[in-house]
Amino acid sequence: MLLNWTVMILYNYFSAMFVGPGYVPLGWTPEKSQDCMYLQYCKVCQSYKAPRSHHCRKCNRCVMKMDHHCPWINNCCGYQNHASFTLFLLLAPLGCIHASFIFVMTMYTQLYNRISFGWSSVKIDMSAAKRDPRPIIPFGLSAFAASLFALGLALGTTIAVGMLFIIQMKVILTNKTSIESWIEEKAKDRIQYYQTGETFIFPYDTGSKWKNFKQVFTWSGIPEGDGLDWPVRDGCHQYTLTIEQLKQKADKRVRSVRYRAMEDYSGVCCPVTKGVKTFFTTPCTEEPRIALSKGDLILATRGLKHWMYGEKILDSAADGGIRERGWFPRKCVEKCQYDSETDQPVDGEKKNR
C-alpha cells in the first residue's frame, strides 16, 4: 500500500511538472477584432492576454488560467495541470499519514519489547529485545533515531501540504484561481473606495460546486474547454473579468506617485548599506528588486514602511518597451514635487488602499 501511495504521488508530481499549465499561443488575438479593447496586450509574448490568463515572469509566457508559479514543480499551476497538482497535494499527506502510522507502530512495538518496569525506575535496553529474542528487523538506537526523524518529516509534510490542498480545493469549488480571488478582493476595494455603487459578479462561478469541480477533474484527465474560452454565469459575458482588470490597472495609475532616486541601489535582496531596518524588513516575496541609479524616476504603486514597489520610468524607444518593476528601499528615493499623471503639485501621500 505504501508503494502504491508512492507511485501515485510521483505520477501526479511529474505530470504537474512536465505537462505544464498550457500557454496562450504566441501572437494570439480574439476572433472578433473589436474584443481587443477588453483585453490587455503582452509585449513579451506579442499577443493579447486571453481571459483568465496572466504573464509569468519565471516561465516568460502567458499562462492559461494561471493560479501561481510553484517552485517545487519548477512550473506554473494552471489550466492543464491544475488537477494533477491538486491530486499531488491530496496524495502526499495521505501517504505521509500511512507512513506515520507505520513509524509509530514500529517504535511502539520495538520499545515495548525493550522496556523493563521496576519498582523505582523504568529501564530501556536498546541492545536486544527482552520478549522476542529473534527480532525480524534489527532495531537499535540509530534505527530508533532515524524512525523518529522520519516521523517528524511525515507529520510536517502532512500539515503543510494538507493546508495547501485545502486552499486549492476552496478556489476550485468556486471556479477561481488564487490570482482571481485577489482580483475579486481588489474589485470590492475599488468599488468601496470610489463609492461607484456598482456590483462586481465573478463570471466563471457556475453556482454549483459539483460543476465547478468537474471543470478541473475529469475521467480522461483532460480539463474541459480549450483554456481560452470559458462558460460564464447569467448576467456576465466573456470579458467581465478582463474589464475589471483594466479598471484596476487604470486605478493603479491614478493612485501611483512619482519618486526620484537620490542614491544608487544595486538591486540586492537585503542591502547592508541602506540601514538595519531596511535589511531586516526586506519583503518576503518572489517579486524582484530593481536596481536604481541616482536620478532615475520611479512610479510607485504600493509600499511598506521601509520598502516600496513600483515601475522604473524608461524611454520606451530606447529600451524596446521593456518594463522594469520591483521593490526598492524608501531610503533611496524622495517624492517628486509634481505628480506623474496630472503634473499637479502633490499635497501629500495619496490615500492608501
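Guide: Start with two helices: the axes of α1 and α2 come within 9 Å and cross at roughly 155°. Axes here are lines fitted to C-alpha atoms, for helices over the stretch in contact, with angles from 0 to 180 degrees between N-to-C directions.

Visitor: What makes α1 roughly antiparallel to α2?

Guide: The crossing angle is roughly 155°. Angles under 35 degrees count as roughly parallel, over 145 as roughly antiparallel, 65 to 115 as roughly perpendicular, and the rest as oblique. Therefore α1 is roughly antiparallel to α2. The crossing is also left-handed, a word used if the near helix is turned anticlockwise from the far one by less than a right angle, with right-handed used if clockwise.

Visitor: Which residues of α1 and α2 meet?

Guide: On the α1 side they include Trp 5, Ile 9 and Ser 15, and on the α2 side they include Ser 84, Phe 88 and Leu 91. The residues of this contact divide into 14 nonpolar, five polar and no charged. Ala, Val, Leu, Ile, Met, Phe, Trp, Tyr, Cys and Pro count as nonpolar, Asp, Glu, Lys and Arg as charged, and the others, Gly among them, as polar.

Visitor: Where does this model come from, and how are residues numbered?

Guide: It is a predicted model, in which local features need pLDDT of at least 70 and side-chain atom pairs count only at pLDDT 80 or more, while totals for chains, interfaces and linings use all residues. Residues are numbered from 1 along each chain as its sequence is written, and side-chain values use heavy atoms, with hydrogens and water left out.

Visitor: How many helices and strands are there in the protein chain?

Guide: The protein chain has eight helices and 13 strands. Helices (H or I, at least four residues) and strands (E, at least two) are DSSP runs, numbered from the N terminus.

Visitor: Why is Ser 15 called buried?

Guide: Ser 15, in helix α1, has a relative accessible area of 13%. Buried means under 20% relative accessible area, exposed over 50%, and partly exposed in between (1.4 Å probe, protein chains only). Ser 15 is therefore buried. Ser 15 touches Gly 20 and Ser 84, not counting residues up to four places away in sequence; contact means heavy atoms within 4.5 Å. Of the 353 residues of the protein chain, 41% count as buried.

Visitor: What covers the buried residues of α4?

Guide: The cover includes β3 and α6. Among the buried residues of α4 are Ile 179, Ile 183 and Arg 190.

Visitor: What makes α4 oblique to α6?

Guide: The axes of α4 and α6 come within 10 Å and cross at roughly 60°. That angle makes α4 oblique to α6. The crossing of α4 and α6 is left-handed. The residues of the contact of α4 with α6 divide into six nonpolar, two polar and eight charged.

Visitor: Why are α2 and α3 called roughly antiparallel?

Guide: Their axes come within 8 Å and cross at roughly 150°. The helices α2 and α3 are therefore roughly antiparallel to each other. The contact of α2 with α3 has 22 nonpolar, eight polar and no charged residues.

Visitor: Is Arg 289 buried or exposed?

Guide: The relative accessible area of Arg 289 is 15%, so Arg 289 is buried. Arg 289 lies in the loop between α7 and β10. The contacts of Arg 289, leaving aside neighbours within four places in sequence, include Tyr 265, Val 268 and Trp 307.
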